[in-house]
Amino acid sequence: MEPAITLFNAQPVWAQSALGLAGLALVALAVNFLLKKVILQLAAPFLDTRSRTADRAAARLATVAPLLIVANGIELVPHLYPTVRTLVHNIAMACVVLSVAMAISKALDYINEIYNRQPQAKNKPIKGYVQVLKIIVYCAGAILAIAALIEQSPLLLLSGLGAMAAVLLLVFKDTILSLVASVQLSSNDMLRVGDWIDMPSMNADGDVIDIALHTVKVQNFDKTITTIPTHRLISDSYKNWRGMKDAGGRRIKRALPLDQNSVRFLKPEEVNDLRRFRLLSNYLADKDEELASWNARELTSDANPVNARRITNIGTFRAYVVAYLRAHPELKGVGFTLLVRQLDPTPQGLPLQIYCFTDTTDWKEFERIQADVFDHLIAILPEFGLRLFQEPSGLDLQGLKSS
């Protein structure tokens, strides 16, 4: 050993420094290799095999050991200027702080991954809170790293932050607004991943696929992605269709524009002809009894039929639509509104609105059921002597001209 030391001391000063730095680097690299390629590889089967985040957190933490070797071993390298020793030591210690901060950040990501595996994660994501903690960790790491570089107490740096409070509030304005919005969204259960929302002010109409601290991502039905600032979901209005999905029924609200010129009283033979409709048998029987009783009571001395109550084709059709909707196997019944009503007459006809709910919220199935309902109602209209209102087309005008 002594000959080796004697040989080392016989070298020039610069060579001794270079050999010392090389030896320090080799030791640090050897420890880094031992920790990451040997120990972590042996420990890998005992870590979470479903995620690589835990491995990355451990690797970041393992970097601390070689950095500490460099920070403390630099004092053993001979013939270095004190300024160089101090600079290397401070940089190494700052890197230690940053490595610990990055390890904590990866650990928080791993905690978020574990939470996302739980059933309640879909309703109450914690990604926003994790991002806030990561911001705090990185800010604290930056302060400690700067303190290590300049060899000053972190409290000295913190005391200067008071004068920068206004600047910090301005810089982190969006973060503060987003944090408050995230807390409100989560605590009030206003938004979940998977919710279908409609926000016209942001051109968003689709499913929520990610809720983060600063942004909420919505995948529209045309497969585009709309990114919404989180605080806009508190300040602006939007529609959440979760209630529809939870109820299990989707609303049909559409009107048939009837030609008012086709509305009239039904003749007795027409009423008898409509008795072949099974859905109208009870309605016509009850209506006959009601009208006969009223007419017998009110028209004892008046034989003019104009004063009698009679059945109309539009009233009978309305009763048929109600019975048809109630009997439809794919429409909701008890607990869901079902009605057929007349809206105010317009120059485009008399709207007869159908208001009911399907027994599914699936978009394709909903459109199919709605189309089937109106296919039938439009096709059955002539049986009641009614017509749909339609704006005159070129063919209509051409037919009038030729006649």
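My entries follow, one topic at a time.

**Entry 1: the whole chain**

I noted before anything else that this is a predicted model. I looked up the secondary structure, and the chain has 16 helices and eight strands. Next I asked what share of the 403 residues counts as buried. The value is 32%. Then I checked contacts between residues at least 6 apart in sequence. Of these, 66% join residues at least 24 apart.

**Entry 2**

I moved on to pairs of helices. Two packed helices are described by the angle between their axes and the distance between the axes. I therefore looked up both values for each pair, as that description asks.

H3 covers residues 53-62. H3 and H4 pack at an angle of about 10°, and their axes are 5 Å apart. An angle under 35 degrees counts as roughly parallel, so I wrote H3 and H4 down as roughly parallel to each other. Which residues make the contact? On the H3 side they are Arg60, Leu61 and Ala62. On the H4 side they are Val64, Ala65 and Pro66. I sorted them by class and found five nonpolar, no polar and one charged.

**Entry 2: H4 against H5**

H4 runs over residues 64-73, and H5 over residues 82-116. Their axes come within 8 Å and cross at roughly 165°. Over 145 degrees counts as roughly antiparallel, so H4 and H5 go down as roughly antiparallel to each other. I also looked up the hand of this crossing, and it is left-handed.

I listed the residues that meet here. H4 brings Val64, Leu67, Leu68, Val70 and Ala71. H5 brings Val88, His89, Ala92, Met93, Cys95, Val96, Ser99 and Val100. By class, the contact has eleven nonpolar, two polar and no charged residues.

**Entry 3: H14 against H15**

I looked further along the chain for another pair. H14 spans residues 313-327 and H15 spans residues 363-380. The axes come within 12 Å and cross at roughly 150°. That makes H14 roughly antiparallel to H15. Is the crossing left-handed or right-handed? The crossing of H14 and H15 is right-handed.

From H14, the contact uses Phe317, Tyr320, Val321, Tyr324 and Leu325. From H15, it uses Asp372, Val373, His376, Leu377 and Ile380. I counted by class again: eight nonpolar, one polar and one charged.

**Entry 4: H6 by itself**

H6 covers residues 127-150, which is 24 residues. I looked up its reach from first C-alpha to last, and this is 35 Å. At 1.5 Å a residue, 34 Å is expected, so the two values are close. I then asked which residues of H6 are buried. They are Gly128, Val130, Val132, Lys134, Val137, Gly141, Ala145 and Ala147. After H6 comes glutamate 151, and its phi is positive, near 55°.

**Entry 5: two loops with positive phi**

I looked at asparagine 203 next. Its phi is positive, about 55°, although it is not a glycine. Asparagine 203 sits in the loop between strand E1 (196-199) and E2. Its relative accessibility is 65%, so it counts as exposed.

Lysine 223 is not a glycine, yet its phi is positive at about 75°. It lies in the loop between strand E3 (215-220) and strand E4 (225-229). Is lysine 223 buried or exposed? It is exposed, with a relative accessible area of 63%.

Aspartate 210 lies in strand E2, residues 204-211. Buried means under 20%, so at 19% relative accessibility aspartate 210 counts as buried. Leaving out residues up to four places away in sequence, aspartate 210 touches Lys127, Thr215, Val216 and Lys217.

My last stop was leucine 233, in helix H10 (residues 232-235). Leucine 233 is buried, with a relative accessible area of 2%. What does leucine 233 touch, not counting residues up to four places away in sequence? I listed Leu185, Met190, Leu191, Met199, Val216, Ile228 and Tyr238. I also compared leucine 233 with serine 178. They are 55 residues apart in sequence and 9.6 Å apart in space, C-alpha to C-alpha.

Technical notes:
Residues numbered from 1 in each chain as written. Predicted model: local features only at pLDDT ≥ 70, side-chain atom pairs only at ≥ 80, totals over all residues. Heavy atoms only, no water. Axes fitted to C-alpha atoms, helices over the stretch in contact; angles between N-to-C directions. Helix = DSSP H or I, 4+ residues; strand = E, 2+ residues; numbered from the N terminus. Parallel < 35°, antiparallel > 145°, perpendicular 65-115°, else oblique. Left-handed = near helix turned anticlockwise from the far one by under 90°. Contact = heavy atoms within 4.5 Å. Nonpolar A, V, L, I, M, F, W, Y, C, P; charged D, E, K, R; others polar. Buried < 20%, exposed > 50% of the residue type's maximum accessible area, 1.4 Å probe, protein only.
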